[in-house]
Amino acid sequence: MEIKVELALRKRQVLIFFVLLGLSQAGPESVRYSVAEETEVGSFVANLARDLGLGVEELSSREARVVSDDNEKHLQLDLLTGDLLLNEKLDREELCGSTEPCVLHFQMVLENPLQFFRAELHVKDINDHSPMFLDKQILIKISESTSIGAIFLMESAQDLDVGTNSLQNYTISPNSHFYIKIRDNGDGKLYPELVLDRALDHEEESELTLTLTALDGGSPPRSGTTLVLIKVLDINDNAPQFAQRLYEVHVLEDTPVGAWIITIFANDLDAGNYGKISYTFLHASEDIRKTFEINPVSGEVHLRSCLDFEVIQFYTINIQATDGGGLSEECTLLVKVIDINDNPPEVTISSFTKSIPENAPETLVALFSVRDQDAGDNGKMICSIPDNLPFLLKPTFKNFYTLVTERPLDRESQAEYNITITVTDLGTPRLQTQHHMTVTVSDVNDNAPAFSHTAYTLRVRENNSPGLHIGRVSAADRDAGANAQVTYSLLPPHDPRLPLASLVSLNAATGQLFALSSLDFEALRAFEFRVGAADRGSPALSSQALVRVLVGDANDNAPFVLYPPQNGSARCPELVPRAAEAGYLVTKVVAVDGDSGQNAWLAYQLLRATEPGLFGVWAHNGEVRTARPLSARDAVRHRLLVLVKDNGEPPLSASVTLHVLLVDGFSQPYLPLPAAAAAEARADPLTVHLVVALASVSSLLLVAVLGFVAVRLGRRSRAAAGGGCSLPEGPFAGHLLDVSGAGTLSHSYQYEVCLTGGSGTGEFKFLKSIIPSLPVPDTGRNVGVNENFRNSFGFNIQ
């Protein structure tokens with residue numbers, strides 16, 4: 001029971017300071033409420049919303065909460081009704097001790113926007129404690145020579161209640177020697193004094209036992225009792241005397257247990273037992289007796305338990321010195337506790353937003369309060385966060401702070417922030433408290449998809465299989481979630497003639513490109529289009545990239561011989577004079593290839609010949625030349641089979657047959673043609689035109705020769721039944737065209753060659769360009785007759 005009383009008294013003294021501090025800060029604008037202590041949990045206190053002029057809907061929308069100054073949850077706010085309810089049973093004595101009135105300060109905090117309302121809750125006392133004496137028995141020694149009216153001090157009772165419920169009166173059991181006198185020192189406490197009403201006689205009665213009763217003013221009143229044992233002593237005429245009535249000492253709160261505090265000394269002039277002095281605490285509370293002890297003989301005061309400035313800042317101790325004769329005197333010891341910086345600051349988070357959107361202006365992240373239980377500089381605090389963070393700390397009300405964003409955040413630059421709130425006091429040494437919180441930045445669709453390349457070049461070989469995967473486009477989005485999910489699409493081509501939908505398809509999810517049809521290099525060598533990438537944000541963002549598809553050539557076109565023509569017309573033999581030297585140009589095989597590159601590089605080869613070794617073919621340009629001088633023994637007619645082969649893989653080829661006639665000179669008649677050929681021959685008007693053109697540009701030295709040739713040709717035309725050779729009419733077939741000019745022949749070139757005949761003699765007409773002439777590699781120079789002739793011209797001789 002004594003321990004509980006001492007604990008209650010201690011808590012009461014601890015809370016006095018905080019209550020007084022709260023009262024000093026409360027302004028006239030504070031709202032005041034009252035409630036009796038020990039009221040049941042959930043009891044109605046007041047309608048806070050109505051008293052503050054707030055709508056009930058504002059409480060939820062503005063996230064209203066009740067925050068007590070001591071960070072204890074005494075009250076709770078019903079957001080649906082605005083009622084302020086008790087969250088726990090309140091014990092006035094535990095909260096405020098002997099302080100009256102007992103006031104709990106609290107604030108109602110509204111966020112969005114931030115607003116504070118101050119309020120007070122007065123806790124009313126009920127008579128729930130009886131007066132109680134800390135000592136079971138009070139011993140008083142009184143000399144028999146004590147005069148009537150002498151006053152003897154006694155221990156007072158303790159009552160934790162206040163006001164009318166506190167201690168109001170003392171009574172003593174009926175006796176013939178003493179009565180009770182009550183002393184009020186002006187500190188709100190009543191002290192009982194025993195007054196001698198009739199002289200004592202040691203011989204008649206050496207001991208008296210009385211009952212002292214303490215009564216409070218409650219209804220019904222409560223009481224407490226203790227025994228008063230009075231020993232009647234012989235005469236002692238000198239009471240102890242203190243050197244001073246008030247002692248004051250300062251003690252650090254970290255003073256170790258058992259440390260010496262002060263020595264109290266009193267002097268008694270009596271001798272013997274009457275001069276022996278004993279020291280005791282007088283009117284000492286439970287906290288004092290637990291914290292200090294006094295040596296009854298020496299008067300030394302020692303520390304019995306640890307001091308705590310935050311609980312009790314000073315102790316007022318009454319010390320009584322009693323001599324052997326029962327006379328006593330008292331003095332006061334004032335112990336002031338000196339604060340040391342032994343309490344780190346405290347951080348209480350009221351609200352915290354874990355995720356905030358990027359690109360938002362100043363945003364509230366957290367609302368928190370700080371406090372330090374130390375005093376002076378030890379209780380002054382500095383609140384900070386790291387400088388490299390885009391956040392600001394703003395003080396709001398008392399020790400409340402808000403943590404807000406300094407600028408709009410960018411999730412793509414940093415998606416998470418680790419914030420450390422550091423609170424440091426100004427004591428020595430400085431103590432600090434850190435509170436860590438992690439804030440994530442939620443994504444906003446502020447980044448369009450970005451292609452890995454602004455332009456893609458894809459290569460696909462012609463004659464591909466439909467559905468062939470030809471490449472992939474890729475775009476990345478720095479956003480997250482649906483804002484980063486990319487969808488690909490084909491954009492309409494700039495050239496409306498390009499059938500893009502039938503050429504390629506695009507996988508919308510992966511960006512893979514597929515060829516829908518088999519491509520033909522000769523028809524379409526390259527095409528380009530644009531692809532788009534859009535995210536799934538709201539609104540969606542997109543970007544574009546250019547895709548260029550290059551069609552690679554495949555060797556899918558065999559060489560085509562233009563000359564000699566292969567259209568089924570009459571064969572025109574090539575005329576070679578027997579006087580021709582080695583290297584004489586007989587004719588030129590002209591061929592083209594619809595492919596390009598090395599697939600269109602043509603090589604010529606003589607496969608078979610009537611007389612091997614007489615003729616050779618230039619491998620690179622198809623020129624047919626004599627390999628040696630002609631002789632009289634050589635046959636008149638020769639048949640040559642020429643192979644034209646490209647450089648593709650695998651190579652493709654074509655062959656052509658050449659007919660060569662050996663003549664003694666252009667002035668001699670032609671050798672007779674085969675009967676079938678003569679029957680089919682017919683006049684060719686182009687031959688006359690060619691002869692006229694050649695005659696007009698020849699020199700004067702050849703006028704006679706050309707005139708003779710013209711006469712002979714005219715006579716043969718009249719005599720013949722229309723024998724001759726035909727030329728292909730019109731342009732060449734479309735599959736022989738090279739659309740880029742990289743092939744072996746273009747639209748600009750058509751060749752005309754003809755051999756006209758009469759009665760068995762022939763005449764060679766060289767190739768002539770009808771439109772601009774085809775560039776022919778220069779043969780270099782006149783070729784001499786020697787044994788190395790064939791090799792020097794690169795002939796292919798059979």
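Glu40 is partly exposed, with 49% relative accessible area, where partly exposed covers the range between buried (under 20%) and exposed (over 50%), taken with a 1.4 Å probe and protein chains only. Its salt-bridge partner is Lys89, with the closest N and O atoms 3.3 Å apart; a salt bridge here is a side-chain nitrogen of Lys or Arg within 4 Å of a carboxyl oxygen of Asp or Glu. Lys89 sits in the loop between strand 5 (83-86) and helix 4 (92-96), and Glu40 in the loop between strand 1 (31-36) and strand 2 (44-47), so the pair ties together parts that are 49 residues apart in sequence. Lys89 is partly exposed as well, at 43% relative accessible area.

Before going further, a word on what you are looking at: this is a predicted model, in which local features need pLDDT of at least 70 and side-chain atom pairs count only at pLDDT 80 or more, while totals for chains, interfaces and linings use all residues. Residues are numbered from 1 along each chain as its sequence is written, and side-chain values use heavy atoms, leaving out hydrogens and water.

Now let us step back to the whole chain. The protein chain has 10 helices and 52 strands; these are DSSP runs numbered from the N terminus, helices being H or I with at least four residues and strands E with at least two. Of the 798 residues, 46% are buried. The accessible surface comes to about 39400 Å², and carbon and sulfur atoms account for 54% of that surface, by the Shrake-Rupley method with a 1.4 Å probe, where for residues only the protein chains shown count as cover. Among contacts (heavy atoms within 4.5 Å) between residues at least 6 apart in sequence, 70% join residues at least 24 apart.

Back to the charged pairs: the structure holds 24 salt bridges. Side chains of opposite charge can pair when their charged atoms come close. Glu248 and Lys336 meet in one of these, at 3.3 Å from N to O. This pair links distant parts of the chain, with Glu248 in strand 16 (residues 246-252) and Lys336 in strand 23 (residues 328-338), 88 residues apart. Glu248 is partly exposed at 42% relative accessibility, and Lys336 is partly exposed at 32%. Glu611 and Arg628 form another salt bridge, at 2.6 Å. Here Glu611 belongs to the loop between strand 45 (602-609) and strand 46 (615-618), and Arg628 to the loop between strand 47 (623-626) and strand 48 (637-646), 17 residues apart. Arg92, Glu93, Glu100 and Asp125 are joined in a network of salt bridges.

What about the nonpolar interior? In soluble globular proteins, nonpolar side chains tend to be buried together. The largest nonpolar core has 29 residues, and those with the most contacts inside it include Ile264, Phe292 and Leu333; such a core is a set of buried Ala, Val, Leu, Ile, Met, Phe, Trp, Tyr and Cys residues joined through side-chain atoms within 4.5 Å. Among the elements that give two or more residues to this core are strand 16, strand 22 (314-323) and strand 23. Not counting residues up to four places away in sequence, Ile264 touches Phe242, Tyr247, Tyr279, Ser298, Gly299, Val301, Ile319 and Cys331.

Another core, of 28 residues, lies apart from the largest one, and Cys96 is among its members. Cys96 also forms a disulfide with Cys102, their sulfur atoms 1.8 Å apart, where a disulfide is a pair of cysteine sulfur atoms within 2.5 Å. The link is right-handed, with 65° about the S-S bond, and both Cys96 and Cys102 are buried. By this rule the count comes to 1 disulfide.

His74, in the loop between strand 3 (65-68) and strand 4 (75-77), is buried at 5% relative accessible area. Leu229, found in strand 14 (residues 223-233), is buried at 15%. The C-alpha atoms of Leu229 and Ile138 are 5.9 Å apart, although 91 residues separate them along the chain. Finally, strand 28 (residues 391-395) and strand 29 (residues 400-405) run antiparallel and are joined by 5 bridges; strands pair if DSSP finds at least two bridges between them. Leu392 has Val404 in strand 29 as its bridge partner. With 4 residues between the strands of this hairpin, Lys398 takes a positive phi near 50°.
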